[in-house]
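I opened the notebook to look up a few places in this chain.

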Amino acid sequence: MLLPKEVQLIIKKLEQAGFEAYAVGGCVRDFLLGIEPKDWDITTSALPEQIQKLFPKSVYLNKFGTVTIYEIVGKKSAVGPIEVTTFRIDERYSDQRHPDSVKFTRNLKEDLARRDFTINAIALAPWAREIKNQKSKIKNYQIIDPFKGQEDLKNKLIRAVGEPEKRFSEDALRLLRAIRFAVTLNYKIETKTWLAIKKLAFLIKRISPERIREELIKIILSDKPAEAIEMLKEANLLRYILPELELGVGVSQNKHHIYTIYKHSVLSLKYCPSQDYQVRLAALFHDIAKPQAKRGEGPEATFYNHDVIGAQVSQKILHRLHFSREDINKVGLLIRYHMFYYDVEVVGEAGVRRLISKVGLENIKDLVDLRIADRLGSGVPKAKPYKLRHFEYIVEKVSQDPISVKMLKINGHKIMATLKIKSGPKVGAILDVLLAEVIDDPNKNEPAYLKKRIVGLNKLDLNELRQRAKEKIKITQAEMDTEIKGKYYVK
């Protein structure tokens with residue numbers, strides 16, 4: 001690979017002005033591994049005001065010496081904004097996040113010494129130079145590697161720069177980053193670094209929920225998310241980040257499960273076929289309420305309502321970690337309905353339409369992926385049995401049928417005009433009853449029938465209408481809860 005032209009131009013322009021400049025950090029690590037870097041960072045001996053003088057289309061809004069360059073020689077950077085930071089030494093980290101102050105230096109090695117891991121403490125320039133006592137290991141590039149990061153790349157090791165406890169005390173998020181790098185790169189964590197993580201795990205409490213959330217998402221989306229969760233547990237970090245998950249450690253289930261609750265949750269994440277972090281989170285959390293819902297011991301133990309309680313618990317977790325409202329709702333929805341019941345001989349098309357109405361057609365595939373994760377995480381060899389394949393067939397078959405009020409061939413305005421009534425709860429109640437009837441029989445979704453039907457419904461008072469809709473909902477719930485009479489309710 002070649003360094004992007006924008007990176008080369010910035011380094012060249014800084015050097016022509018008499019300053020040192022190098023690509024540095026994660027972009028160099030990825031570059032050396034043959035991975036296309038997602039963004040680029042440059043370190044330089046130039047001070048922030050000197051950088052801005054050379055690059056007018058830049059912004060300096062912090063006290064850490066980082067200038068963000070948006071345009072180079074009049075053109076917007078094709079690789080996105082590029083951050084250029086002055087060589088610096090970080091002073092004490094009181095908040096385990098930011099240095100209390102920084103001191104600019106002319107020494108590149110001092111700048112590299114403040115970084116987290118050796119594989120991220122490598123500097124690179126896009127052309128070879130005469131360097132005393134050092135040779136580049138890549139032709140036509142100059143590499144500055146005082147902490148043997150290239151050696152750790154070769155040996156696939158995550159090693160803290162200098163003293164591990166000091167590095168983690170400076171920024172406790174590095175505790176999570178070490179595990180994230182280990183699972184995304186398929187590396188091992190060096191022993192001294194690992195022992196420091198276990199010793200200082202409690203410091204993660206001082207990190208903001210937003211930063212933990214971002215690292216957790218990256219971990220969940222890695223190729224080895226289950227291994228990462230196990231590492232978090234062994235490192236004593238899980239108890240501070242996801243204590244609810246640890247409640248399942250060592251808790252047995254019943255005759256339908258060979259694994260403990262915790263082990264089943266981790267394996268469900270491991271085998272989740274979806275690449276969507278929302279679905280993977282649902283796989284990890286789908287049984288999170290089982291410890292508190294458990295009644296009895298041994299083969300006949302039960303877990304009534306663990307799906308409903310689990311949805312609530314998972315939403316509290318995601319709220320605590322400042323996930324978006326969309327994430328919170330989606331994960332909660334999947335967990336709430338992960339026990340959906342389907343039997344070819346029992347549940348008809350109307351039952352499937354009702355489920356789609358509750359979950360949303362756009363979420364059905366994710367719900368199936370969650371069911372697959374649940375099955376494989378239970379030790380079942382077959383991911384998708386005939387019943388599940390038949391369910392998908394019926395979903396596709398009825399996907400064009402009316403499953404929401406919006407799909408009715410009548411709306412609130414027409415109801416008000418026909419019945420000569422004002423807007424109010426009665427209109428909504430009539431629509432709910434109509435939808436329930438149309439879900440049962442899609443052929444009834446015709447303007448003439450619906451118009452005639454609302455005249456009859458209008459004779460009922462509001463409470464009677466609500467009761468009609470409620471009865472339909474009970475029928476739906478009964479069909480879904482048939483699972484409780486079989487093995488699924490005691491999974």
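**Entry 1: helix 9.** How many residues does helix 9 have, and how far does helix 9 reach from its first C-alpha to its last? I looked up residues 209–220 in this predicted model. Helix 9 has twelve residues and spans 16 Å, close to the 16 Å expected at 1.5 Å a residue.

Next I listed its buried residues. They are Arg211, Ile212, Arg213, Glu215, Leu216, Ile217, Ile219 and Ile220. I then asked which helices the buried residues of helix 9 pack against. I found helix 7 (174–185), helix 10 (225–234), helix 11 (238–241), helix 13 (261–271) and helix 14 (277–285).

**Entry 2: helix 7 and helix 10.** Both names came up in the packing of helix 9, and I checked how they meet each other. Two packed helices are described by the angle between their axes and the distance between the axes. Here the axes come within 10 Å and cross at roughly 145°. The crossing is right-handed. Helix 7 makes the contact with Leu176, Ile179, Ala182 and Val183, and helix 10 with Ala228, Met231 and Leu232. An α-helix has 3.6 residues a turn, so residues three or four places apart point the same way.

**Entry 3: helix 2.** I moved to residues 26–33. The buried residues of helix 2 are Cys27, Val28, Arg29, Asp30 and Phe31. They pack against strand 1 (21–24), strand 2 (41–44), strand 10, helix 5 (149–155) and helix 7. Just after helix 2, Gly34 takes a positive phi of about 80°.

**Entry 4: Arg115.** I found Arg115 in the loop between helix 4 (108–113) and strand 10 (123–125). Is Arg115 buried or exposed? Its relative accessible area is 15%, so Arg115 counts as buried, the cut-off being under 20%. Its side chain makes a polar contact of 2.9 Å with the side chain of Asp111. Leaving out residues up to four places away in sequence, Arg115 touches Val24, Thr43, Asn120, Ala121, Val161, Arg167 and Arg174. Two of these contacts are arginines, Arg167 and Arg174.

**Entry 5: Glu437.** Glu437 is in helix 22 (residues 425–440). With a relative accessible area of 11%, Glu437 is buried. Beyond residues up to four places away in sequence, Glu437 touches Lys444, Tyr449 and Arg453.

**Entry 6: positive phi.** Most residues other than glycine have a negative phi. I noted two non-glycine residues with a positive value. Asn236 has a phi near 70° and lies in the loop between helix 10 and helix 11. Lys420 has a phi near 55° and sits in the loop between helix 21 (412–419) and helix 22. How do they stand in accessibility? Asn236 is partly exposed at 22%. Lys420 is exposed, with a relative accessible area of 74%.

**Entry 7: whole chain.** I ended with the totals. The chain holds 24 helices and 13 strands. Buried residues make up 51% of its 491 residues. I also checked the contacts between residues at least 6 apart in sequence, and 67% of them join residues at least 24 apart. The accessible surface is about 23900 Å², with 51% belonging to carbon and sulfur atoms.

How values were computed:
Residues are numbered from 1 along each chain as its sequence is written. Side-chain values use heavy atoms; hydrogens and water are left out. Helices (H or I, at least four residues) and strands (E, at least two) are DSSP runs, numbered from the N terminus. Buried means under 20% relative accessible area, exposed over 50%, partly exposed in between (1.4 Å probe, protein chains only). Contact means heavy atoms within 4.5 Å. Accessible areas come from the Shrake-Rupley method with a 1.4 Å probe; for residues, only the protein chains shown count as cover. The expected span of a helix is 1.5 Å times one less than its number of residues. A polar contact is a pair of N or O atoms within 3.5 Å; within protein, one must be able to donate a hydrogen and the other to accept it, and residues adjacent in sequence count only if both atoms are side-chain atoms. Axes are lines fitted to C-alpha atoms, for helices over the stretch in contact, and angles run from 0 to 180 degrees between N-to-C directions. A crossing is left-handed if the near helix is turned anticlockwise from the far one by less than a right angle, and right-handed if clockwise.
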